[in-house]
Amino acid sequence: MDDVLEMKGIVKEYPGVKALKGVDFHLKRGEVHALVGENGAGKSTLMKILGGAEARDGGEIILEGRKVEIQDPHQAEKLGISIIYQEFNLIPFLSVAENIFLGREPRRGIFVDWRQLYANAKAVLDQLGLDIDLKAKVSGLSVAQQQMVEIAKAISVKSRIIVMDEPSATLTMHELERLFGLTRKLKEQGVGIIYISHRLEEIFEIADRVTVFRDGERISTREVRDVTKEYLIREMVGRELKDDYPKRNAVAGQELLRVEGLTRKGVLHEISFSLRKGEILGITGLVGAGRTELVRAIFGADPIDKGEIYLEGRKLRILSPQDAINSGLCLMTEDRKRQGLVLGMTVRENITIADLRGLSRAGFIHGVDERRIAGRFVRELNIKTPSVEQRVRNLSGGNQQKVVLAKWLFARSRVVIFDEPTRGIDVGAKQEIYRLMNDLAETGTGIIMISSELPEVLGMSDRILVMQEGRIRAELGGGEATQETIMRFATQALVQGG
Amino acid sequence: MDLKVETEMEQVGAGKPSGAGKGRIGALLNRLPQNYVILLVFVGICALFTIWTDGLFLQPDNIVNVLRQISINAVIATGLTFVIITAGIDLSVGSIVAIVGVFAAQLLVKIPSTFPVWGIIFLACLGGLALGALIGAFSGFTITRFRVPPFISTLAMWASARGLAFILCDGRPVWNLPIQFNYIGRGYIFEKLIGPWFPVPVLIMGIVMYTAHVILTRTTIGRYIYAIGGNEEASRLSGINVRRVKMFVYIFSGLMAALGGIILTSRLASGQPNAGQSYELYAIAASVVGGTSLAGGEGTIPGTLIGALIIGVLYNGMNLAGVESYSQNVIIGAIILGAVLLDQMKKRK
Amino acid sequence: MKIKRLAMVFLVTALLLSMAFAGNVLAAGKVIGVTLLTREHQFYRDLEAGLNSEAAKYGYKLTVVAGEFDPAKQAAQIEDFIAKKVDAIILAPCDSKAVGSSVAEANKAGIPVFTVDIANLSSQGKVVSHIASDNVEGGRQAGELMVKALKGEGKIVVINHPGITSVLDRVAGFREVIASYPKMKIIADVPAWGQRDKAMAVMEDMLLKVPDVDGVFGINDDSALGAVAAIEAAGKIGKIFVVGYDATPEAKQAIKDGKIYGDAIQYPTRIGVLAIQTINDHFAGKKVPAVVPVEVGAWTRDSK
């Protein structure tokens, strides 16, 4: 019996959607098994069923030859199944050690045995070769470190199966290497690892086998060494994808937006740049360089200490997002669930929220028009949803992102700011987003795109700003930019300092 | 991919009115299943009391009686529902009932009788409503400007407004109100035509709740109320003036409490500084039993109406059935918990 | 010269005035701490007025607070009085039983305790004297009024406030009288917690449950007036007779208007006056009775 896990004929239905149509899945002991597929293909749903977060409507789960029922996450944990979600389940104000053993603290009488707790936590971290301060508060850790803590937590409960859902999305190159190192170590210890990622390169580096999902079905399971990237993409989208980045036709026009001397004490320093009509301006840099802070300041989401913003030469007075939106600016935030969408509301309500006034007379919303417009956007942006009345919560990540985009298109934005537009989005949807960006630019919209993925920045931008420590370090034309030059500017001070 | 949404937008003005009507009925039907569990609970309770009281409960007289009795709570709960949908809370409503009752009664007594009596009544009601709105505005102001948690801000108002009510009348009930004022709380619509079947407070409740329902479901501010409760940060980043919407809900809640206070004063024919005690809890209960989520983002006015009905029917039915007083409170508590649990179980599925 | 004389006059006046004040302060050396059940009800406001006017006569200084139905709050207030070393404590307990331990503490500190209106029913603590109207007698008065109103025959509803000693006494007295008339029957005893809005609601329910009810006894005037509001709304004034308790100004008006038949009347002001007089006697070293009963009466349309 080589399989640690067998899932047979798993079925899951949501109102109006059949998310899983009888899926089989096998996981071997000590293998890294990658799951790929477009958003909504069913891989996340399958993992939620495995983790006890969702109830299945059919099929069975066999763990080490024994049929099991998994009713809730707690039971999954007991059975040795750990899922590390993109949003971590850590308590920010507790220490690393406390988080690792949360709810399972060693006790002496009714008191926590702190010595034992730290000793146990240290043992776990040592086992993984991690160097993290046990007593540090989780809130002070980097995203990568928090992820390590999650993995340590999984190890501490002696998990036999660890599911990593998009573990690399927020990691830097260096951090990713460490994650891979850790993953290999887990593998050696016989843990079965399910690895979900949209970055196909990673799969070739770390995974042993790969299973492709499409439209709620398992399309194929292959040894990674037998397949190519092109093959996987074809399997995922069910068709050939040509260019990674679509051709640009837009020609940059007159100046649209100009930012002068924008300063927010301790965060942004004297930032000046301009954006032309139909231009895609890429902003890149390492995490913490102040990119998100910059666009939030422009958008009025955070206060600024100094600086001016002009739209077509006219000075804008932006004190709140409302002012920015009225001036024709919009921000597609990085964290769409917390900042972009009202998850409990419908697709329709989310699409129209930013310009409801355009749809209403004397405060009354014109319901028929609203439904029609929402329906139009759903069709044109190819948002996969049973109806415009579906709650956004039930949509996949890529479709949620499209709803956010629809919201800003409906608000007739003239400057669209994308903050990590393709994070956590699959290949097919990515291409759609790129195409939409190009279409937007062709209508004369100015686009600012923040991205950490250098190929994306290079492939999409007309010009690139490189930020570092709240300053613009370089402005590169499309022709002169390479991954190397960007990295040189992005790490400038670090290189000089080191 | 066609992005010329602007042109599309300009054409939408010519929507078909017939379609709108159809959509409204459709929307209403859509709302129904959301509340159906609680509706079943309500029907069940009614059936139980009908059997228990040998049909007395279902007598038309008693139905009118129950509707009249719940009207004040339903009006207050309507205001509170708005607040709770934004993930806020307003604990001051019971005290607003008292202070507005006293204030309006004093206006009735003190405005010189050279004015025509209906003028006096109009002014007194206006004054009372204004006072309620003002108190709500004050709570809203401290909540939006100084980020005082709504629970604390309105708890402070709960204490202060009650104290002010006593100070205002020196602790003595204000009475000897003009007899015409009684019409608001005790009168009947078309009494000469159809007899005493349509109490004025029930009409007020109907108008208020229908209006509130329309505001919540069909206007921009209603949509914003849900949006803010669902995700305040995303709402702000979508250009919603969160402060203004929150101010609106607290003012609205104050206004509804004031209306409740005026009806109560008219019903009792006296402005009582100790009136309206624990009304905030009844209103919260009505709202929550009716499916409003204290976490925000969810809730409907029809739900709140059913919630108010359940609580009103329980008290009335137990009085009719002769349930002894200590048990009454125990049963009420159990039913509130049970109703919400049922609703939660339905949502899980 | 003139200025000098003027200055002298001022000086002398000032001296005299300060002496007068000093004398008063000496006389008013005694401080009495008062904690009432509530200061919100008319009854206690009148009682407080009686205390104040009588205390002014003897030059006692009163500190008046109220537990507002919260026994814990009242216990804290008594602790404060003990800490301030008041000379006597007047107490209207929020809870007849729970108050005992606080009284015992005051005893330990050597502070004499007097209760008004509501007695200390706990086995703990010693009260010098209890000054209260005779609630059983008041209940009897109400019962007699009801007998007169219904001419000895009819169905009666009691609007009750369960859990309060004085109310229990009232209802006991009332029932005692009614029991001696075989044709009179108490058919329902419903709670309204002494609040007018709740009394109105239960009365509305009662009007439906027993449409042929003849009489209603409200254990206080808020209960009675709440019942009146419901009866009036139902257009049954004159068909149903209401008897109340306390005869507050509003109730007196209702009696005058024929909406309430009559009230048992306590004399809260008198309770206050007698309480201070009892304390004065106690200070003077006289022996005071353990219970000082305060007369009750009946108030009807014919009363002045």
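1. Starting with chain A: there's an open, four-stranded sheet here, ordered S14-S13-S16-S17 and paired antiparallel. Strands are DSSP E runs of at least two residues, helices are H or I runs of at least four, and both are numbered from the N terminus; two strands pair if DSSP finds at least two bridges between them. Strand S14 (268–276) and strand S17 (314–316) of chain A sit at the edges, each pairing on one side only. From one strand to the next, the twist averages 20 degrees (axes are lines fitted to C-alpha atoms, and angles run from 0 to 180 degrees between N-to-C directions).

2. A word on the source. This is a predicted model, where local features need pLDDT of at least 70 and side-chain atom pairs count only at pLDDT 80 or more, while totals for chains, interfaces and linings use all residues. Residues are numbered from 1 along each chain as its sequence is written, with chains lettered from A and ligands numbered from 1 in the order in which they are written.

3. Back in that sheet, S13 (residues 255–264) and S16 (residues 306–311) of chain A run antiparallel to each other, with five bridges between them.

4. Chain B is another story: 16 helices and zero strands. Of its 349 residues, 51% are buried, meaning that 20 or more other C-beta atoms lie within 10 Å of the residue's own, with C-beta atoms placed from the backbone. Take the chain B contacts (C-beta atoms within 7 Å) between residues at least 6 apart in sequence, and 79% of them join residues at least 24 apart.

5. Now the C–B contact, which takes 23 residues from chain C and 28 residues from chain B. On the chain C side, H2, S7, H7, H8 and H9 each supply at least two residues, and H7(C) gives the most, with nine. By class, that side has 10 nonpolar, four polar and nine charged residues (nonpolar: Ala, Val, Leu, Ile, Met, Phe, Trp, Tyr, Cys and Pro; charged: Asp, Glu, Lys and Arg; polar: the others, Gly among them).

6. Finally, the cores, i.e. sets of buried Ala, Val, Leu, Ile, Met, Phe, Trp, Tyr and Cys residues joined through C-beta atoms within 7 Å. The largest has 236 residues, and C:Ile159 and C:Val242 have the most contacts inside it. Helix H13 (residues 242–268) of chain B gives the most to this core, with 16 residues. A second, separate core of 63 residues includes A:Met7 and A:Phe101.

Key. Contact = placed C-beta atoms within 7 Å. Buried ≥ 20, exposed ≤ 12 C-beta atoms within 10 Å, placed from the backbone.
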